[in-house]
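Please look through the sequence and the 3D structure below before reading on. The paragraphs that follow begin with the ligand and its surroundings and then turn to the chain as a whole.

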Amino acid sequence: MNFLELAETFAIMEKTTSRLELTDHLVLILKKTPSDIVDKIVYLIQGKLGPDYESSELGIAEKLIIKSLSLVSGHSLNEIQNKYSVIGDLGEVAYNILTNKIQTTLVHQLLTIENVFETLLKIAKVSGTGSLDIKLRFIVSLLNNSSNLEAKFIVKLILGNLRLGIADFTLLDAIALTFTGDKKNRRILERAYNVSSDLGKIALILSKGSIEDIQSISISLFIPIRPMLAERVSNPSEALEKINGVALAEFKIDGERIQIHKKGKRVELFTRSLENVTSNFPDIIKAFDNIETKDLIAEGEVVAINPENNKYLPFQSLMRRRRKYNIQEITAAYPVILNLFDLLYYNGSDKTHVTLLERRKLLAKLFGKQKKSDKIKLIDQINVSRIEEIEIYTEKALKNGCEGIMIKNPGSQYRAGAREWAWMKLKKEYSGEVTDSVDLVVVGALHGKGRRVGKYGALLLASYDAERDVFCTICKVGTGFTDNTLLTITDKLNKHVIKHKHPRVESGNTKMDTWFEPKIVLEIISPEITLSPVYTTAIDRIKPEYGLALRFPKFTGKIREDKSAEDATTVKEIFEIYRDQLK
Ligand code: AMP
C-alpha cells in the first residue's frame, strides 16, 4: 500500500472537526489496508510506532529536520529557519519547500507504508555515537522519495506532532465497524484493549480472525493493563450508600501509580499512562529481588519520602526521579517507597476476577508480615462501616501527608480501564478549610500581556465527558502561576498547538488566540462552581444554555504529568460536586 494514500487521508482528517466524519474516514482507510499491515496503519494514525508501553519514540530535534530539508531541497538552513518562523509548523514548511524545490532527485522510489514504518522505526531505535548522522541519512532518504504531501506528514510523524484529534474511542468504533460491521462490538474490543493496551494488535487480530479471537485476549506479563479508576465522593455517607455493609478504606497517597510486572528476576514498572519507567526506579527493582514468587502483576503508589523522618513528600519531589541521566545520583537524593494496594496476577493466573478482599489477602501473604524490604509496603488499610470511622480515618490520612482516602468495595473485581463505584476517592477535608482540587485539560489560551508577553496569559480549561469522549470548557485560569511554572507550561503547550479548535473540544462561542490538542493536565482549586452561559461543562443539564464554571480558579502549581487528558476530572464529577454544594 502506498504511503501517499495514508497521507491523503491524513490531509482530509486534519480538516475534519466532526467525530462521526473522522470515523468514516478511518473506516475507509482501514478497509483499503491489506490485513498484514493493519497494525502499522493503526499506529501511524495514532502518531506512534507501537503501543505506548514499547516506547519506540522518535523524539527527533527540529534542527535535524531543518538540516534534512535543506539537504533535500537545496534551500539554505537560514531560508528554512525563516520559513519556519513565519509558518510555525515544520510539516507545513516541508510541504511548502518540496513544492518549490530548487534541486530535483533523479531516481524516485515509491514510498510504501511498510518502508516508511520500518525507516521510522530505525530512526527511533538507532542510538550511540554517530547516531545523529544515521538518523539524518534515514530522514533524507524518506524526504528524497516524498511528494510534498508525504513529506508534510513524514515530518509530522517524526516530530510527534501529527495531531489528528483521533481518540482511542473513535479508533475503536472505526475498527469495530470495519471488521465486524457493527459499532456495538466496540464493547468487546474495549475490554481487550483494557487488558492489552494495544489497538494495533486488536485491529490486526480482527482483520485476520474473528471477534472470538478478541474475546480470548487475556492479561499477559510485561504488557501493562489499563488501570481501574475511582469515582469521586464528597462525604462519607455518600460512600457508605454505595456499599452495603463494610467497606475497605485506604490511605490515598499523593504519589505516582505504578504497575509492577515480575517474572523470576525480571521486573518492569509502568505508569498509569502505560509508560515504561523501569529505569527510573532501580531501588524499587532491587527491592523485588527479595520477593520470592514465580510471577506477579501488582499495583501501588510510589511516593518520595523525607529520609530523615520517612514522611511522604509532595508529588513534585517524585517527578525529579523522571530523568534520563544521572539516575544513580537522583535515586540516592530522592528516596522513594512503594505502597502496594492491589494484585492482578499471581502464580500464572489472572486474579482480576477474584474479590478485592481475596486479592488483598494474597498481597498480605506475599508482602505483609515478615517485612522483606523497607522499600515495599502494603498500603495502610482498615475496615469501615460507620461515618465516624471514615471521618477519623480521613483525619489520620491527612495528618500522615495523604491527599485523602480511598473507599473500596471489598467484594469487587478488578475492572481494567473502568471508572466505577467499586472504588471511591474522598479527598475533601471535613473542616472545610481545604477545597477539593480538580484536574483539568488545557484546550486553548490567550496571549500574555505586560510581564507575560511571549508566554500565555490565561488558559482555557476543560473537563472530560467520558460518555461522549469530548472535552467541555469550564473556566479560564490566569492565577497561581509563577514566572517559572508559566514558562514550563508555555513550553509544554507549544508542542501541542493546533490551527483550529480541536474536534473533541466543545467550547461554544469562546474565542481564543491559540488552540491546543488536549494533552496537558493541570491541578486547579476553586472555592465554588457556578452556572455560566459561557462554558459547556454539563450544558443544559441544570438550566437551558447554561453550563458549569469554576469561580476564581487557581493553579495549584502541579502539572499532572501522570495523567492523560482522558484522566481529567469528568463532567459527571463536576456536576456531582455542584449538586453537593447545593445540599
Ligand atoms: P485521582 O488521581 O484523583 O483520580 O485518584 C486516583 C489515583 O489515586 C490512582 O490512580 C492512584 O495513583 C492514586 N492512589 C493513591 N492511593 C491509592 C489507593 N490506596 N488505591 C488506589 N489508588 C490510589
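Which cavity is the space taken by the ligand? The space taken by the ligand is the largest cavity, where a cavity is a set of points, on a 1 Å grid over the protein atoms alone, at which a 1.4 Å probe fits but cannot get out, and a molecule sits in one if more than half of its atoms lie within 2 Å of its grid points. This is a predicted model, in which local features need pLDDT of at least 70 and side-chain atom pairs count only at pLDDT 80 or more, while totals for chains, interfaces and linings use all residues. Residues are numbered from 1 along each chain as its sequence is written, and side-chain values use heavy atoms, with hydrogens and water left out.

Around the ligand there are 16 residues, of which Glu-250, Arg-272, Glu-301, Lys-408 and Lys-425 come nearest; a residue is counted as near if one of its heavy atoms lies within 4 Å. By class, this shell has six nonpolar, no polar and 10 charged residues, where Ala, Val, Leu, Ile, Met, Phe, Trp, Tyr, Cys and Pro count as nonpolar, Asp, Glu, Lys and Arg as charged, and the others, Gly among them, as polar.

Strand S2 (247–252), strand S10 (404–408) and strand S11 (419–426) each supply at least two residues of the shell, and the largest share, three residues, comes from S2; strands here are DSSP runs of E with at least two residues, and helices are runs of H or I with at least four, numbered from the N terminus.

Polar contacts are pairs of N or O atoms within 3.5 Å. A polar side-chain atom of Lys-425 lies 2.6 Å from an oxygen atom of the ligand, while for the side chain of Lys-252 the distance from an N or O atom to a ligand oxygen is 3.0 Å.

Elsewhere, Asn-310, in the loop between strand S5 (295–304) and helix H16 (315–319), has a positive phi near 60°. Glu-545, in the loop between strand S19 (528–532) and strand S20 (547–551), has a positive phi near 65°.

Note on methods
Polar contact = N/O pair within 3.5 Å; in protein donor to acceptor, adjacent residues only side chain to side chain. 1 Å grid on protein atoms, 1.4 Å probe; cavity = no way out; pocket = protein on both sides within 12 Å on 5 of 7 lines; lining within 4 Å.
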